[in-house]
Amino acid sequence: MSRVSLGVREVSVIPKEEAKELLKRLRIRPWQLPWIRSSDPLAKLVDAKPGDVLKIVRESPTAGEFVVYRLVVPG
Amino acid sequence: MISKQELLAKIQHILPKPLYAEIENAVKDLDDERALRLIYRVLRLYLNSLIDPGEAIGIVTAQSIGEPGTQMILRSFHYAGLREFSMARGLPRLIEVVDARRTPSTPLMYIYLKPPHNKSREAAEAVAKKIQQVTLEMLAKEVDVDYISGAITIELDTEQLRYRGLNIKEVEKIVSKARGKDLSISFRGHTITVTLTSPDIFKLRKVRDKILQIKVAGIKGVRKVVLQYDSKADEWFIVTEGTNLEAVLQLEEVDATRTYSNDLHEVEEVLGIEAARALVAQEIKRVLDEQGLDVDIRHMYMVADTMTWSGRLRPIGRHGVVGAKESPLARAAFEVTVKTLIEASVRGEEEAFKGVVESIIAGKYIPIGTGIVRLLMQF
């Protein structure tokens with residue numbers, strides 16, 4: 001975890017089941033999540049492949065901590 | 001009736017962390033009834049303050065940044081505060097950020113150091129010396145060009161060499177790499193002589209400039225270093241003009257979790273899109289704060305999120321966010337209308353009339369607020 005910085009506290013690839021549940025809860029299709037390229041340093045850190053969903057815990061000045069999900073896309 | 005502990009456990013996932021901690025602390029000494037009343041009240045206030053579905057948050061952001069923006073000083077001067085370099089600030093910097101320009105007009109790096117190195121000026125200075133790019137020119141006491149014999153003589157400054165912590169052998173090793181088939185370099189004491197076999201004036205000048213710009217030590221691209229002291233955190237940090245994040249982060253003394261540069265594309269490449277998002281918001285916030293304008297940080301995050309949604313940094317405008325819109329009419333309504341329409345028709349694009357702009361053009365209800373609800377009526 002040496003290079004995680006500028007507002008990011010944690011990153012992880014979430015299991016397929018959990019990703020499915022998340023999409024169902026939000027009532028969206030996978031591509032409607034924000035994207036992250038698989039060549040992104042953050043994606044490389046957790047060794048994410050295109051199609052995975054990343055769970056990112058951000059630092060937030062208003063909410064303390066905030067969880068976002070990003071879909072890993074090729075590139 | 002449930003106890004306050006049960007209720008607290010229930011709302012833990014609803015409220016943001018700082019708010020939850022605050023209310024947990026507040027009800028500590030209250031009895032159940034009063035605690036419950038307080039918690040319900042806070043919960044209701046919190047839920048009421050959330051943004052409703054269909055709220056036009058983009059427009060709210062645009063207005064909230066746009067209006068204070070009209071108060072901004074258009075051009076600003078060199079400040080006396082930050083010694084040794086001037087920085088792009090105010091409106092020019094704001095435009096630079098939302099346009100996601102390749103290189104900022106003043107590339108800066110903020111280098112934070114790990115504990116033993118950030119406590120004293122001397123320790124920080126030692127690191128700063130390692131970082132600053134040292135060219136041969138900076139080490140030279142005298143440079144002499146003999147146009148007749150085609151020789152360039154560079155006399156090195158022993159003081160400078162000692163200050164930079166270099167010895168003559170290292171310099172010789174690096175400089176001799178510049179040797180070519182019509183270029184010979186010889187060393188005698190602290191003098192370097194470069195001779196051209198076929199001297200002509202223009203070439204001689206070119207070679208002179210090239211030789212003087214040879215990087216002898218430090219990190220490429222870092223032109224100036226300035227030490228700064230943060231009295232709040234009691235630590236020294238380094239601000240540099242010229243950036244090279246990748247190289248700086250490799251250094252052992254550098255705290256890689258806090259160090260950053262103001263070059264958005266460099267940050268995106270080296271630290272990732274999430275870091276770029278945070279930086280966009282932070283830079284806009286800084287610009288507005290400097291001008292004494294108070295705009296909520298959430299508006300900056302709105303801008304930053306739209307710019308980084310696709311996984312790469314896109315400018316706001318027809319080459320970026322607006323240009324990526326699906327609807328040809330929405331794109332045409334923004335800039336260069338005719339060209340956009342022609343290109344869309346050549347490509348055979350279709351208009352779905354789903355967005356706000358297209359709907360207004362067509363005279364439809366817009367999908368905002370109550371207009372976002374679709375009802376099927378039973379006759």
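Predicted model: local features only at pLDDT ≥ 70, side-chain atom pairs only at ≥ 80, totals over all residues.
I started with two strands of chain B: β4 (residues 151-156) and β6 (residues 191-196) pair in the antiparallel sense over five bridges. My notes on terms: strands are DSSP runs of E, at least two residues, and helices are runs of H or I, at least four, all numbered from the N terminus. Two strands count as paired if DSSP finds at least two bridges between them.

Residues are numbered from 1 along each chain as its sequence is written, and chains are lettered from A and ligands numbered from 1 in the order in which they are written.

Next, who faces whom? I found Glu155(B) bridging to Thr191(B) in β6(B), and Ala151(B) opposite Thr195(B) of β6(B).

Then I checked the other neighbour. β3(B) and β4(B) pair in the antiparallel sense over six bridges, with Ala140(B) opposite Leu156(B). Their hairpin has four residues between the strands, and Gly150(B) takes a positive phi near 70 degrees there.

Which order do the four strands take in the open sheet? I read β3-β4-β6-β5 in chain B, with antiparallel pairing. β3 (140-146) and β5 (183-188) are the edge strands of chain B, each pairing on one side only.

Last, I looked at what lies across the strands. Helix α11 (residues 201-212) of chain B lies across β3, β4, β5 and β6, at about 145 degrees to β6(B). That angle is between N-to-C directions, from 0 to 180 degrees, with axes as lines fitted to C-alpha atoms, for helices over the stretch in contact (contact: C-beta atoms, placed from the backbone, within 7 Å).

Definitions and conventions. Contact = placed C-beta atoms within 7 Å.
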